[in-house]
Structures are given as C-alpha cells and as structure tokens.
Amino acid sequence: MRRIALVTLVVDDYDEAIRFYTEALGFGLVEDAPRPDGSRWVVVEPGTEGTGTALLLARAKGDAQQVRVGDQTGGRVGFFLHTDDFARDHARMSAAGVTFLEEPRHEPYGTVAVFQDLYGNRWDLLQPAG
C-alpha cells in the first residue's frame, strides 16, 4: 500500500504552531523530538495516529523559507480537512478563535467553508456529501 504519510508545513514557531493545531483544530500531537541541529521533529495529525496524512511542522530557516510561512500555495486553498460532522467542528473551531473566511456553503460535493491557519494558509473544512 502506498500513501502520502507527511506533508511539511513551514511555521514561524514550533510551540505556537503546536498550540494552534492541537487546541484550535483538535489535532493530536504525534511526535515532538529534538534534532541534533537544534530543530525539532514535530508531527501533528487530525485523526487516529497512522490513519491518514499528518503534518510535519517545520520551523522556517532562512529568508527563502520565512517568506513562505503563511503563503505556501500562493493564496490558494492548499489543505483540506475532512469531517464527518461539519456543524460540530465548525462551531468548535470558531469558538477556539479559528478565522473562517466565508459562511458555510452547500455544494454538490458537500458542506464547506474556507478558514485560515494561524499564519494565513487557506484550508477547506469539508464534510463530503453522501
């Protein structure tokens, strides 16, 4: 079986990113391990460990990476968080201070609303139809 296990998300600060993804979005912290170069290996995951794609939160190093924080996809929605209960997750995330950029809408493919993470990367919260 093949799958994408990790996607790197460039962040400003490990601890603030961990707080946002675990507290505001409800992700689980899978790993937070120091590396010999002073960086950390930080992995968060939205579901049960090992059942989906996780995020590697990587602190930006140098100017080339720093300018990418918050704009890794050029302003497009780059991340898609599926849920089995849109209303529950939308309410919980809103109460936790997550910024939604639109009201929830119903599309043929499901219920969706665009939100941004703490750095401005755009995400879809999506409950697929059917």
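Leaving aside neighbours within four places in sequence, which residues is Leu57 in contact with? They are Leu9, Val11, Tyr14, Ala17, Ile18, Tyr21, Val42 and Val44, where contact means heavy atoms within 4.5 Å. Before going on, a word about the model: it is predicted, so to speak of local features we need pLDDT of at least 70, side-chain atom pairs count only at pLDDT 80 or more, and totals for chains, interfaces and linings use all residues. Residues are numbered from 1 along each chain as its sequence is written, and side-chain values use heavy atoms, with hydrogens and water left out.

Let's start with the core. Leu57, Tyr21 and Phe115 touch the most other members of the largest nonpolar core, which has 28 residues. A nonpolar core here is a set of buried Ala, Val, Leu, Ile, Met, Phe, Trp, Tyr and Cys residues joined through side-chain atoms within 4.5 Å. Buried means under 20% relative accessible area, exposed means over 50%, and partly exposed is in between (1.4 Å probe, protein chains only). Among the elements that give two or more residues to this core are helix H1 (14-24), helix H3 (86-95), strand S1 (6-11) and strand S8 (110-116). Helices (H or I, at least four residues) and strands (E, at least two) are DSSP runs, numbered from the N terminus. H1 gives the largest share of the core, six residues.

The whole structure has seven aromatic pairs. Rings of Phe, Tyr and Trp (its six-membered ring) pair if their centres lie within 6.5 Å; planes under 30 degrees apart count as stacked, over 60 as edge-to-face and the rest as tilted. Phe20 and Tyr21 have ring centres 5.1 Å apart and planes at 85°, so this pair is edge-to-face. Phe20 is buried too, with a relative accessible area of 12%. Tyr21 also pairs with Phe27, and this one is tilted, with 5.6 Å from centre to centre and 55° between the planes. At 6% relative accessibility, Phe27 counts as buried. Follow the ring pairs onward and you get a cluster of Phe20, Tyr21, Phe27, Phe79, Phe100, Phe115 and Trp123.

Asp117, found in the loop between S8 and S9, makes a polar contact with Tyr21, side chain to side chain, at 2.7 Å. A polar contact is a pair of N or O atoms within 3.5 Å; within protein, one must be able to donate a hydrogen and the other to accept it, and residues adjacent in sequence count only if both atoms are side-chain atoms.

Other charged residues do pair up. A salt bridge is a side-chain nitrogen of Lys or Arg within 4 Å of a carboxyl oxygen of Asp or Glu, and by this rule there are seven. In one of them, Arg40 meets Asp15, with the closest N and O atoms 2.9 Å apart. This pair links distant parts of the chain, as Arg40 is in strand S3 and Asp15 in helix H1, 25 residues apart. Arg40 is partly exposed at 22% relative accessibility, and Asp15 is partly exposed at 37%.

Next comes Asp37 with Lys61, whose closest N and O atoms are 3.1 Å apart. Asp37 lies in the loop between strand S2 (28-34) and S3, and Lys61 in the loop between S4 and helix H2 (62-66), so the pair ties together parts that are 24 residues apart in sequence. Asp37 is exposed at 53%, whereas Lys61 is partly exposed at 46%.

Arg88 and Asp84 form a further salt bridge, at 3.0 Å between the closest N and O atoms. Arg88 is partly exposed, with a relative accessible area of 42%, and Asp84 is exposed, with 61%. Salt bridges that share partners also join Asp15, Asp32 and Arg40 into one network.
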